[in-house]
Amino acid sequence: MVDSLKKPGFEEIRPGVKVPAKETLLTPRFYTTDFEEMARMDLSPNEDELLAILEEFRVDYNRHHFVRDAEFEQSWEHIDGETRQLFVEFLERSCTAEFSGFLLYKELGRRLKDKNPLLAECFTLMSRDEARHAGFLNKAMSDFNLSLDLGFLTKNHKYTFFKPKFIFYATYLSEKIGYWRYITIYRHLEKHPEDRIYPIFRFFENWCQDENRHGDFFDAIMKAQPQFLNDWKAKLWSRFFLLSVFATMYLNDIQRADFYASLGLDAREYDKYVIEKTNETAARVFPVILDVDKAEFYDRLEICVKNNEKLGAITSSNTPKFLQFFQKLPLYVSNGWQFLRLYLMKPIETASLQGVAR
Ligand SMILES: [Fe+2]
Ligand SMILES: [Fe+2]
């Protein structure tokens, strides 16, 4: 009993290989797209910027960055109990998200090679970065005697199909939010080294620059395709993607507030900061952004947080499954309603902001 408290039980496929977390609306997604349409894209309206970004990718600033140093070589048994559980989950989620980027970019690089060499090379070089990120996280998991079988994940994860336009919205945001997440943790721990419970956080400063460059690449692609950005549909989709990405992160992180607390961070403050910065960054390319300063925004998200807590309690109760469904139904309806109301909140037009250097 004491032992099981100390080393939280994770289900294993085989010794040391963790069963991947169950896929839900809130877990990282794997994407696939229309490769033909992607290959036909005309990049000439923004080719110079894309070539400059490709040059940066080729320089490979982080070639020697992801090397495990002496600080990793110690026992991590003192990170135990719930902290250990939350920490392994954090590593797994991050690894899965990085790996999903790797798979998508790698496949795009392969499929576009002959038809659109500029795009193809950019994607291949980004997949190089994501492979490093995922590998580094997976190695970190092995410090906790677990790892992910990435081959298993490739074969068994569900893939979501998105048209290229939506791939760009989604990946742009996930790169930029990734940048803000990593850099915010890094800066916090720089000020509070006593909270740095594990060396991986030291790597986040250069690491997040990869994500920033990846985000800039998608920014440049969207600017090469102005039809993705300049009509009323683009405005509706921008709102949808911003809201989905922010809400998913908020619900995930508040649920794991104890993890952030173990780093000395308040999950709510952390998320609000990351959302504010990502929203502000997105104003450089999206036609609208969300009015996240309005109290209603977080009030409604907090209702969803409460609903999710209740949903979790129902799932872990002994109530028969078919009765659970009826207990859960009103909570799902409430979440859907909150999401709709959030979606309908008046957005902020960015046309006037884009002229200003941000
Ligand atoms: Fe990454
Ligand atoms: Fe990335």
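I take contact to mean heavy atoms within 4.5 Å. The model I am reading is predicted.

**Entry 1: helices 9 and 12**

With that cut-off I listed the residues between helix 9 and helix 12. On the helix 9 side I found Leu-243, Phe-246, Ala-247, Tyr-250, Leu-251 and Ile-254. In helix 12 they meet Phe-297, Tyr-298, Leu-301, Glu-302, Cys-304, Val-305 and Asn-308.

I then looked up the geometry. Two packed helices are described by the angle between their axes and the distance between the axes. For helix 9 (residues 232-255) and helix 12 (residues 295-315), the axes come within 10 Å and cross at roughly 50 degrees. That angle makes helix 9 oblique to helix 12. I noted the crossing of helix 9 and helix 12 as right-handed.

**Entry 2: helices 3 and 8**

The crossing of helix 3 and helix 8 is left-handed.

For the contacts, I wrote down Glu-49, Leu-50, Ile-53, Glu-56 and Phe-57 from helix 3. Their partners in helix 8 are Arg-213, His-214, Asp-216, Phe-217, Ala-220 and Ile-221.

**Entry 3: iron ion (ligand 1)**

Which residues coordinate the iron ion (ligand 1)? I found Glu-98 (OE), Glu-130 (OE), His-133 (ND1) and Glu-211 (OE), at 1.9 to 2.2 Å. I checked the angles next. The four donor atoms subtend 86 to 153 degrees around the iron ion (ligand 1), which makes the arrangement irregular. The tetrahedral class requires all angles to lie between 85 and 135 degrees.

Along the chain, the donor residues of the iron ion (ligand 1) have the spacing E-x31-E-x2-H-x77-E. I placed Glu-98 in helix 4 (residues 81-112) and Glu-130 in helix 5 (residues 117-142), so the pair ties together parts that are 32 residues apart in sequence. Glu-98 and Glu-130 are both buried.

I recorded Glu-175 and His-214 as buried.

How far apart are the iron ion (ligand 1) and the iron ion (ligand 2)? They are 3.4 Å apart, and Glu-130 coordinates both.

**Entry 4: positive phi**

Most residues other than glycine have a negative phi. I looked up two residues against that background. Asp-60 has a positive phi of about 60 degrees and is not a glycine. I found Asp-60 in the loop between helix 3 and helix 4. The relative accessibility of Asp-60 is 9%, so Asp-60 counts as buried.

Asn-145, also not a glycine, has a positive phi of about 60 degrees. I located Asn-145 in the loop between helix 5 and helix 6 (150-156). With a relative accessible area of 45%, Asn-145 is partly exposed.

**Entry 5: Asp-42**

I found Asp-42 in the loop between helix 2 (35-39) and helix 3. Asp-42 is partly exposed, at 46% relative accessible area. Setting aside neighbours within four places in sequence, I have Asp-42 in contact with Ala-224 and Gln-225. I also looked up Asn-116, 74 residues from Asp-42 along the chain; the two C-alpha atoms are separated by 9.2 Å.

**Entry 6: Ile-289**

Is Ile-289 buried or exposed? I read 5% relative accessibility, so Ile-289 counts as buried. Ile-289 belongs to strand 5 (residues 288-289). Not counting residues up to four places away in sequence, Ile-289 touches Leu-242, Asn-279, Ala-282, Ala-283, Pro-347, Ile-348, Thr-350 and Leu-353. Phe-218 is 71 residues from Ile-289 along the chain, and I noted 17 Å between their C-alpha atoms.

Terms used. Residues numbered from 1 in each chain as written. Chains lettered and ligands numbered in written order. Predicted model: local features only at pLDDT ≥ 70, side-chain atom pairs only at ≥ 80, totals over all residues. Heavy atoms only, no water. Donors = N, O, S within 2.8 Å, 3.2 Å for Na, K, Ca; no water. Tetrahedral: all angles 85-135°; square planar, octahedral: opposite > 155°, others 65-115°. Helix = DSSP H or I, 4+ residues; strand = E, 2+ residues; numbered from the N terminus. Buried < 20%, exposed > 50% of the residue type's maximum accessible area, 1.4 Å probe, protein only. Axes fitted to C-alpha atoms, helices over the stretch in contact; angles between N-to-C directions. Parallel < 35°, antiparallel > 145°, perpendicular 65-115°, else oblique. Left-handed = near helix turned anticlockwise from the far one by under 90°.
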